[in-house]
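I opened my notebook to look up a two-chain model.

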2 protein chains.
Amino acid sequence: MNIAVLGTGMVGRVIAARLAELGHHVTIGTRDPETTRARTEPDGMGNPPYSEWESGHADIGLGTFADAAASAEIVFNATSGAVSLQVLGLAGEANLDGKILVDIANPLDYSSMPPTLLVVNTDSLGEQIQRTFPGVRVVKALNTLNANLMVHPDLLPEATSVFVCGDDADAKATVTGLLASFGHTDVIDLGDITNARGPEMLLPIWVRIWGALGTPMFNFKIVR
Amino acid sequence: MNIAVLGTGMVGRVIAARLAELGHHVTIGTRDPETTRARTEPDGMGNPPYSEWESGHADIGLGTFADAAASAEIVFNATSGAVSLQVLGLAGEANLDGKILVDIANPLDYSSMPPTLLVVNTDSLGEQIQRTFPGVRVVKALNTLNANLMVHPDLLPEATSVFVCGDDADAKATVTGLLASFGHTDVIDLGDITNARGPEMLLPIWVRIWGALGTPMFNFKIVR
């Protein structure tokens, strides 16, 4: 499939590389491709410059948010949750309409540590995106684990659980199929997009478990 | 040990019965023992009247919140999170001072379903209790799973994870020992009491997983 991944950070790169490995045609979206390619220093999270990463991933395209979205059947939101609505606005409602948007972002406020949530309890980023772009088929997924585990859950010693929610059953089925292609064997459907509150509010304990274990390489398994 | 369990609902009864089974001397705390014993109808959650349950648990005492707390070395807060601070006030600061308070409550607002949280994101019920009763050694624990699984995790097909947090290391060690006596083999220490925000904000996904699975008999296993 033609898939756009919005966001050039570590999460976007990991998702894009895995999708390309699985045979999809992938374009990463950014504000300004020239600026992205011109950077020569690691980004604020210590990731190597995009151009360095790109040289090892020649099969993955880079375009503006709008160009990436326009060419895609499925769009991954791999941006920081604090700017997701702005980025999706730049991608353009017309370029997103009717498409599946896999929202893997978390609305985290890093101004204090551990981070708090910018949207919480009676609302969620997933719902905000769905309300702002009513023609988009939003599926919240994969925001509850480390990027490397999102696409390679077999890095853990046993199978774990991930969640999907959204208003469009066909879109959830397509995303569940993509998650299965990544290696996920226990995908729990939480219901409509209002249920994005659940997986988003999982982040506060996720960051604390990371602190307690000293590694982000863990995931929740729902034992029943 | 002498242990008080504040709250006569299902959670309090299950905790009290298990502690008594393990050889502890247990007193359940309530507002007014006469009123509690006089009820002949199931409570709002469908639990049988207390007097009926009590007749099968003759070894478990019933007293006022204050009397139960006064006689105990360890106090379990098994009340509804919405009234926990009020109940602890009735138990009395002098009766609680210096003691371990195991806070297993969740500050849930049931006025809409699924419930939302009454305290969230930058505060938690565990912290509110610690601030209100600075002489009490609060340990947040066990709020992340069904009451029957709190005390019999072996009802699930494999070992799962639970969490503790609090400011007093000795209190956490004592509570971790109690959890081990219940059968828990993976107790993750999240740090000081501010980390109660993590396990409390787990509830929104907990209630949704219950809905998705059709059973509350599940728990989180942290696979790493």
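My entries follow, one topic at a time.

**Ground rules**

I noted that this is a predicted model, where local features need pLDDT of at least 70, side-chain atom pairs count only at pLDDT 80 or more, and totals for chains, interfaces and linings use all residues. Residues are numbered from 1 along each chain as its sequence is written, chains are lettered from A and ligands numbered from 1 in the order in which they are written, and side-chain values use heavy atoms, with hydrogens and water left out.

**Chain A as a whole**

I began with the secondary structure of chain A, which comes to 11 helices and 11 strands. Here helices (H or I, at least four residues) and strands (E, at least two) are DSSP runs, numbered from the N terminus. The radius of gyration of chain A is 16 Å, close to the 17 Å that the globule rule gives for 224 residues, so chain A is as compact as a globular protein of that length. That radius is taken over C-alpha atoms, and the rule is 2.2 Å times the number of residues to the power 0.38.

Next I looked up the box. The C-alpha atoms of chain A fill roughly 50 × 40 × 35 Å along the principal axes. I found that 57% of the 224 residues in chain A are buried. Buried means under 20% relative accessible area, exposed over 50%, and partly exposed in between (1.4 Å probe, protein chains only).

I then turned to contacts, meaning heavy atoms within 4.5 Å. Among contacts in chain A between residues at least 6 apart in sequence, 74% join residues at least 24 apart.

**How the two chains relate**

How is chain A laid on chain B? I found a turn of 180 degrees and a shift of 0.0 Å along the axis, with an RMSD of 0.0 Å. The two copies are thus related as by a two-fold rotation axis. The same surface serves both copies, as 100% of the contact residues of chain A recur in chain B. The superposition is by least squares on the C-alpha atoms of residues with pLDDT of at least 70 in both.

**Strands of chain B**

I went to strand S5 (residues 100–103) of chain B. Which of its residues are buried on each side? I found B:Ile100 and B:Val102 on one side, and B:Leu101 and B:Asp103 on the other. Both faces of S5(B) are covered.

I looked for the partners of S5(B). Two strands pair if DSSP finds at least two bridges between them. Strand S4 (residues 74–77) of chain B pairs with S5(B) in the parallel sense over four bridges. In that pairing I saw B:Asn77 opposite B:Asp103. S5(B) also pairs with strand S8 (residues 137–141) of chain B, in the parallel sense over four bridges. There, B:Leu101 stands opposite B:Val138.

Strand S2 (residues 25–30) of chain B is mostly covered, with five of its six residues buried. Strand S1 (residues 2–6) of chain B pairs with S2(B) in the parallel sense over five bridges. B:Asn2 stands opposite B:His25 in S2(B).

**Ser84 in chain B**

I placed B:Ser84 in helix H5 (residues 84–91) of chain B. Is B:Ser84 buried or exposed? At 0% relative accessibility, B:Ser84 counts as buried. The side chain of B:Ser84 reaches the backbone oxygen of B:Ser80 at 3.1 Å. Leaving out residues up to four places away in sequence, I found that B:Ser84 touches B:Asn77, B:Thr79, B:Ala105 and B:Leu125.

**Helix H11 in chain B**

I listed the buried residues of helix H11 (residues 203–213) of chain B, among them B:Leu203, B:Trp206 and B:Arg208. B:Gly214 follows H11(B), and its phi is positive, near 80 degrees.

Most residues other than glycine have a negative phi, and most peptide bonds are trans. I looked for exceptions in chain A. The peptide bond from A:Met113 to A:Pro114 is cis, with omega near -5 degrees. I found A:Pro114 in the loop between strand S6 (108–109) and strand S7 (116–117) of chain A.

A:Asn121 is not a glycine, yet its phi is positive, near 75 degrees. This residue lies in the loop between S7 and helix H7 (125–132) of chain A. At 11% relative accessibility, A:Asn121 counts as buried.

Definitions and conventions
Polar contact = N/O pair within 3.5 Å; in protein donor to acceptor, adjacent residues only side chain to side chain.
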